[in-house]
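Trainee: I'm new to this one. Can you walk me through it?
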Amino acid sequence: MTRSIRNLISPAALFAILVVVLPKTAGFSQDTSAGTDSGPLIQLETLESDSYSGHLSNLTGSTLSVTLSDGQSKQWELTEVSQIQLEGSARTSPPTRVVLRGGSEIASAATSMKEEDLLIRSVGQPSFNVSIRAVQSVRFRAPSATTDVNWLALVEEPQRRDRLVIRRDGDALDAIEGTILEIKRDSVSFDLSGNVVDAPLNKLEGVIFSTTSDRESEKPLRVRDQWGSLWMAEQANWNPTERSLQLDLGEGITHSIPVEQLLDIRLSGGILYLSDAEVAQQSQLESLNALVGEDLASTWFATETHSKNLTTVLSSDHVVRIPEGYQKLVAAVRVASDVDQFAPLKVSVLMDDRTVWSLDIQDRKPHGLILPLEDARRLTLRITQPDADSTTSPQTIADALGHRVEWLGARLLK
């Protein structure tokens, strides 16, 4: 029993920049003057720094309506609002994480897969089915500092076959390629070159579905709930009858979240891929400039972009500006897939000209990295030869062209 090749969902257009935040706020005053049918009490601030308080009447894909504390009704376009606050608190998150192609990361109490559908059971929320064509991965174990970067590297690496990821002694992760047939309560049914095996769930880190298309663009709405889920939605609508937020996740997938479980809602701006970031500087060695001319050197050895990935070459710094508000860098790095003859390389990440991460690559496997940005304003991706600094020159053009590194899914997160 096998499945057809899965295709990614087409990208959604980004909305205007907006931040809607719903965390638990110190000193948040309760208003009991409204009836039980009123929406949740909110406090909002407009882009012009005007503040209002009242009860949410309606939220659509483009407008926000509020009944103010004096009984007056008022409506804003979402592009006019900078922030909304209401009460809410985070809870202990279930371990399983389901990541959809559209970017949603769902904390799930349990999952099950049969044929072409994955059933997701969220705590305190309605269960729902999604096509496995819309699923990137299912991780059965809670995030861990010892395995996060290795899991990230496996997820970011493009693959035409499914992967079963096994947790070995010492928190090492091994990936086996094949076809995922079924996810059950205690095991995963996996087709390994014609042999079907049932892998015990307690021996697995997770499963990763095949990648056959380019990475999707970011959805306009980012909704975070108290269980740690991050929902990437095309739009959201307030349902006053059920007192819940109705999410359109794209491709016919919908989900409902009770208002008391909401923490944050943001419109765009939460993810910035380095392929889309402002380039502050891109430099090649003087020896290359002298050898082929500055114009040709900047063309031949310039950073390349493909499907949100970057490809950089030996001794050519790629520097981007870090906008305000971003908190960490997430990426996977490997020797470029089009390099025929492997040669060891040293890859480094610098923030404001200070090296914060480096790795000697001795193989073709992807390696993950998750780094805090702190207050840095410039981020540099650098490749050198092992035991060499950035001034080391490649002896020939072939040396530079053969030392190419891919930065898979390199992105800044808020």
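Trainee: How many helices and strands does the chain have?
Mentor: The chain has 4 helices and 34 strands. Both are DSSP runs, numbered from the N terminus: helices are H or I with at least four residues, strands are E with at least two. This is a predicted model, where local features need pLDDT of at least 70, side-chain atom pairs count only at pLDDT 80 or more, and totals for chains, interfaces and linings use all residues. Residues are numbered from 1 along each chain as its sequence is written, and side-chain values use heavy atoms, with hydrogens and water left out.
Trainee: What share of the residues is buried?
Mentor: Buried residues make up 49% of the 414 in the chain. Buried means under 20% relative accessible area, exposed over 50%, and partly exposed in between, with a 1.4 Å probe and protein chains only.
Trainee: Which residues touch the most others in the largest nonpolar core?
Mentor: Leu64, Leu118, Val188, Val207 and Leu247, out of 49 residues in that core. Such a core is a set of buried Ala, Val, Leu, Ile, Met, Phe, Trp, Tyr and Cys residues joined through side-chain atoms within 4.5 Å. Another core lies apart from it, with 31 residues, including Leu314 and Ile361.
Trainee: What is Val188 in contact with?
Mentor: Leaving aside neighbours within four places in sequence, its contacts include Phe140, Leu164, Ile180 and Val207. Contact means heavy atoms within 4.5 Å. Across the chain, 65% of the contacts with a separation of 6 or more are between residues 24 or more positions apart.
Trainee: How many bridges join strand 21 to strand 22?
Mentor: 6 bridges join them, and strand 21 covers residues 244–250. Ser244 stands opposite Pro258 in strand 22.
Trainee: Is Asp353 buried or exposed?
Mentor: Asp353 is exposed, with a relative accessible area of 65%. Glu374 also has a positive phi, near 55 degrees. Glu374 sits in the loop between strand 32 (367–372) and strand 33 (378–384), and is exposed at 58% relative accessible area.

Note on methods:
Pairing = 2+ DSSP bridges.
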